[in-house]
Amino acid sequence: MAPWSPPDASIRTRVSCCIIAFNEADRIARTIESVRGLVDEVIVVDSGSTDGTQALAESLGARVVHRDWEGYGPQKRFAEEQAHNDFVLNLDADEWLSEALRAELRAILSQASIPASSFRMRMTMVYPHHDRPHLMADSHNYIRLYDRTKTRFAASMVHDTVEPTADVIQLKAPAYHQSFRSIAHLVRKEIGYYELQKQEKTKNKALLVLRVFTEIPWQFFKFYFVRGHVFGGFYGFILSVAVAFMRWTRILVLLGY
């Protein structure tokens, strides 16, 4: 395994980057390279990849640990436990830091003392085969840099979230998130996610039955207009149609059909 290059000399707060992965050889390098110079170590928790993800991550200097898949929260909590530092930067293998966010984080980590115990960053959606988000791209705001002695990922199989500390800071620059490789990949990924939800969630079945008749138009409206995919051209339109159908399919899965 190639040694991980040390962070820039200006960095005062040591940070461990934790990544969970399964068959991510086509994109995990982008994630790892985006944190080079900022973090003290990269830990990849792999759940049995067969595409060479482990060897690739190790060749880039990451420490790879195997753990069978038990859900999002448990996997990320296990990754936290492998870190040598209290501060953790958590990224998925389909996410990477923008250059602006790298500069913002470098300025924070170079201070004599870090100003907060948790930091939010906007994970901004990037379409497949693009390297930057479109105008008004959809984003989600998550805690991804945090002191693991003060807060941690929830143990939930489906809700991989970190509770903010009282002193949470919002970072200004975006991170990028390319969560699916194609519409077909999106469908496979979402079905697996819905099956986990079915194991963990209890839903009002009467309400779910009512949503069978309203879910597709509502989800299309929300995704296409409210979340800004109307600015994504033809791909934004077909993606909104696909997501609306998938959210309807989720209702059927939760009902047991």
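**View 1. The cavity of the predicted model.** The structure holds one cavity of 30 Å³ or more. On a 1 Å grid over the protein atoms alone, a cavity is a set of points where a 1.4 Å probe fits but cannot get out. Grid points are joined across faces, edges and corners, and a volume is the space filled by probe spheres set on the points. The largest cavity has a volume of about 30 Å³. Its lining consists of Val 15, Leu 38, Val 39, Leu 89, Leu 105, Leu 109 and Leu 145. Lining residues have an atom within 4 Å of a point. By class, seven lining residues are nonpolar, none is polar and none is charged. Here Ala, Val, Leu, Ile, Met, Phe, Trp, Tyr, Cys and Pro count as nonpolar, Asp, Glu, Lys and Arg as charged, and the others, Gly among them, as polar. This is a predicted model, in which local features need pLDDT of at least 70 and side-chain atom pairs count only at pLDDT 80 or more, while totals for chains, interfaces and linings use all residues. Residues are numbered from 1 along each chain as its sequence is written, and side-chain values use heavy atoms, with hydrogens and water left out.

**View 2. The largest pocket.** A pocket is an open set of grid points with protein on both sides within 12 Å along at least five of seven lines. The largest pocket has a volume of about 1,500 Å³. Of the 46 residues that line this pocket, Tyr 72, Ser 179, Lys 189, Glu 190 and Tyr 193 are the closest to its centre. At least two lining residues come from each of strand 1 (15-21), helix 3 (72-82), strand 6 (118-125), strand 7 (139-147), helix 5 (183-200) and helix 8 (233-255). Helices (H or I, at least four residues) and strands (E, at least two) are DSSP runs, numbered from the N terminus. Helix 5 gives the most to the lining, with 10 residues. By class, the lining divides into 19 nonpolar, 11 polar and 16 charged residues.

View 3. Buried means under 20% relative accessible area, exposed over 50%, and partly exposed in between (1.4 Å probe, protein chains only). Phe 87, Leu 89 and Leu 91 point one way from the strand, and Val 88, Asn 90 and Asp 92 point the other way. Strand 4 pairs with strand 1 in the parallel sense over six bridges. Two strands pair if DSSP finds at least two bridges between them. Across from Leu 91 in strand 4 stands Ile 19. Strand 4 also pairs with strand 7, in the antiparallel sense over three bridges. There, Val 88 stands opposite Tyr 146 in strand 7.

**View 4. Helix 7 and the residue after it.** Helix 7 spans residues 215-226, and its buried residues are Glu 215, Gln 219, Lys 222, Phe 223 and Tyr 224. Their cover includes helix 6 (205-211) and helix 8. Gly 228 follows helix 7 and has a positive phi, near 85°.

**View 5. Gln 178 in its loop.** Gln 178 is found between strand 9 (175-177) and helix 5. The residue counts as buried, at 9% relative accessibility. Leaving aside neighbours within four places in sequence, Gln 178 is in contact (heavy atoms within 4.5 Å) with Arg 27, Arg 30, Asp 94, Trp 96, Val 126, Tyr 127, Pro 128, His 129 and His 130. The Gln 178 side chain reaches the backbone oxygen of His 130 at 2.9 Å.

**View 6. Thr 165 and its polar contacts.** Thr 165 sits in the loop between strand 7 and strand 8 (169-170). At 14% relative accessibility, Thr 165 counts as buried. Its side chain makes polar contacts with the side chains of Ser 118 (2.7 Å) and Asp 167 (2.6 Å). A polar contact is a pair of N or O atoms within 3.5 Å; within protein, one must be able to donate a hydrogen and the other to accept it, and residues adjacent in sequence count only if both atoms are side-chain atoms. Not counting residues up to four places away in sequence, Thr 165 touches Ser 117, Ser 118, Lys 150 and Thr 151.

View 7. Most residues other than glycine have a negative phi. His 129 counts as exposed, at 78% relative accessibility. Met 136 lies in the loop between strand 6 and strand 7, with a positive phi near 60°. At 55% relative accessibility, Met 136 counts as exposed.
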